[in-house]
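How may the packing of helices in a protein model be read, together with the setting of individual residues? The explanation below takes up these topics in turn.

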Amino acid sequence: MAAPTFRDWSTLPPELLLITLRSLRTAQGLCAVSRACAAWRAAVVAEPRLIEDITRARFPHVAELLGSLPASPYPLDWRVVYRDQLRAEGAWEPPASSLGDFVFTIAIKADG
């Protein structure tokens with residue numbers, strides 16, 4: 001007896017779809033899934049906790065940063081937080097100079 005096939009993934013029951021989406025651990029995976037079909041994109045957009053969990057896992061310092069800010073009456077867009085953290089991560093470059101590139105002076109003052 002042949003195994004049943006499931007061809008129309010857009011009709012996957014919401015519970016199973018959510019389990020599948022929660023198993024994703026990267027934003028790239030979540031974006032790829034959201035491009036599969038309109039139903040899956042709607043599921044990704046409807047569940048903001050998915051990108052929040054991925055953001056907190058990728059950038060653990062975000063929780064501390066956000067905790068130090070005053071509370072906002074507006075919901076936080078975790079897609080923007082992820083994007084901004086990714087940009088900040090890519091923008092940082094180690095300094096090109098070393099201590100040998102600087103001149104240090106010491107002033108000594110004797111009282112008396």
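The model shown here is predicted. Two packed helices are described by the angle between their axes and the distance between those axes. Helix H4, which spans residues 49–58, packs against helix H6, residues 78–91, at an angle of about 25°, and their axes lie 9 Å apart. Angles under 35 degrees count as roughly parallel, and H4 and H6 are therefore roughly parallel to each other. The crossing in which H4 passes H6 is left-handed.

The residues that bring these helices together can be named on each side. From H4 come Ile51, Glu52, Ile54, Thr55, Arg56 and Arg58, which meet Trp78, Arg79, Val81, Tyr82, Leu86 and Glu89 of H6. Sorted by class, this contact of H4 with H6 comprises 6 nonpolar, 1 polar and 5 charged residues.

Helix H6 also holds Gln85. Residues under 20% relative accessible area count as buried; Gln85, with a relative accessible area of 18%, is therefore buried. When residues up to four places away in sequence are not counted, Gln85 touches Phe59, His61 and Val62.

A further residue, Ser34, is found in helix H2, which covers residues 27–34. Ser34 has a relative accessibility of 10% and so counts as buried. Its side chain reaches the backbone oxygen of Cys31 at 2.7 Å. Apart from neighbours within four places in sequence, Ser34 is in contact with Arg41 and Val44.

Notes. Residues numbered from 1 in each chain as written. Predicted model: local features only at pLDDT ≥ 70, side-chain atom pairs only at ≥ 80, totals over all residues. Heavy atoms only, no water. Axes fitted to C-alpha atoms, helices over the stretch in contact; angles between N-to-C directions. Helix = DSSP H or I, 4+ residues; strand = E, 2+ residues; numbered from the N terminus. Parallel < 35°, antiparallel > 145°, perpendicular 65-115°, else oblique. Left-handed = near helix turned anticlockwise from the far one by under 90°. Contact = heavy atoms within 4.5 Å. Nonpolar A, V, L, I, M, F, W, Y, C, P; charged D, E, K, R; others polar. Buried < 20%, exposed > 50% of the residue type's maximum accessible area, 1.4 Å probe, protein only. Polar contact = N/O pair within 3.5 Å; in protein donor to acceptor, adjacent residues only side chain to side chain.
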